[in-house]
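Subject: Structure for your review

Dear colleague,

Please find below the structure that I am handing over to you. My notes on what was found in it follow directly after.

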Amino acid sequence: MASSSSGFVAGLTVAALASVGFLAYQASASVPAGLGRPHANNSPDVGASKTPRDRKDPAALPAGSGTGVRVVYSVDDDRVWLVGEGDSVKRTFRVTPGSVDPAPGVYAVTSRSNAITGTDGTPVEHVVRFTEVEDITIGFSAAVDGSMQAPDPALKTGGIRESREDGNAMWDFATIGRAVAVIP
């Protein structure tokens, strides 16, 4: 009797594993191409040329920085805008870029981590990643100690550092799939 029931259990286990394997294959086969892979979209909404700035109000949202709810990051100005419905600026703040910059274009938030160690060895929190450049992950983060010093130019880093307060705002705003418009 024991031999018979152990054979039955083994048969059920094999059937269950086969079913799970088949379902996993079906799920992976139905994922749209490119989902989860960071990529730039050369959208006509975000120009590669120098985006005009408001000289009287440098914190104003630059014209030509895209449409819809999004994060806007200016590589030249080291500034971020969190943009809500109707192009309303929810928050804007200065950042300290890593040593590797993303190309202008429209990306999407691909992953997030609450707390990790940055590529420069600094403990960081509220990490919001949106692309890679030459195998260097690019994303926003806040150093746990609050520091925002420029990275060592000898290290290739993609962390765009923000204050802890701004990091909290970014974390709440930039969920998976949120558009990130990178402008010059």
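Two strands are said to pair if DSSP finds at least two bridges between them. Please keep in mind that this is a predicted model.

**The sheet**

By that definition, five strands make up an open sheet with mixed pairing, in the order β3-β2-β1-β9-β4. The edges are held by β3 and β4 (105-108); each has a single partner strand, so one side of each is left without a neighbour in the sheet. From one strand to the next, the twist averages 20°.

**Strand β2 and its partners**

In general, strands of a sheet pair through backbone hydrogen bonds, either parallel or antiparallel. Strand β2 (residues 79-83) runs antiparallel to strand β1 (residues 70-74), and five bridges join the two. Across this pairing, Leu82 in β2 has Val71 opposite. The hairpin of β1 and β2 has four residues between the strands, and Asp78 there takes a positive phi near 50°.

With strand β3 (residues 89-94), β2 also pairs in the antiparallel sense, over five bridges. Here Val83 stands opposite Val89, and Val80 stands opposite Phe93. Five residues lie between β2 and β3 in their hairpin, where Gly86 in the turn has a positive phi of about 65°.

Is β2 buried or exposed? Five of its five residues are buried, so the strand is mostly covered, where buried means under 20% relative accessible area. Side chains in a regular strand alternate between the two faces of the sheet. In β2, Arg79, Trp81 and Val83 point one way, while Val80 and Leu82 point the other way.

**Helix α2 and the salt bridges**

Helix α2 (residues 164-173) lies across β1, β2 and β3, and runs at about 140° to β3. Side chains of opposite charge can pair when their charged atoms come close. In the whole structure, six salt bridges are found. One of them joins Arg91 and Glu165, with the closest N and O atoms 3.2 Å apart. Arg91 belongs to strand β3 and Glu165 to helix α2, so this pair ties together parts that are 74 residues apart in sequence. Arg91 is partly exposed, at 26% relative accessible area, whereas Glu165 is exposed, at 57%.

Another salt bridge links Arg164 and Glu125 (2.7 Å, N to O). Since Arg164 lies in helix α2 and Glu125 in strand β6, the pair ties together parts that are 39 residues apart in sequence. Finally, salt bridges that share partners join Arg91, Glu165 and Asp166 into one network.

Yours sincerely

Terms used:
Residues are numbered from 1 along each chain as its sequence is written. This is a predicted model: local features need pLDDT of at least 70, side-chain atom pairs count only at pLDDT 80 or more; totals for chains, interfaces and linings use all residues. Side-chain values use heavy atoms; hydrogens and water are left out. Buried means under 20% relative accessible area, exposed over 50%, partly exposed in between (1.4 Å probe, protein chains only). Axes are lines fitted to C-alpha atoms, for helices over the stretch in contact, and angles run from 0 to 180 degrees between N-to-C directions. Contact means heavy atoms within 4.5 Å. A salt bridge is a side-chain nitrogen of Lys or Arg within 4 Å of a carboxyl oxygen of Asp or Glu.
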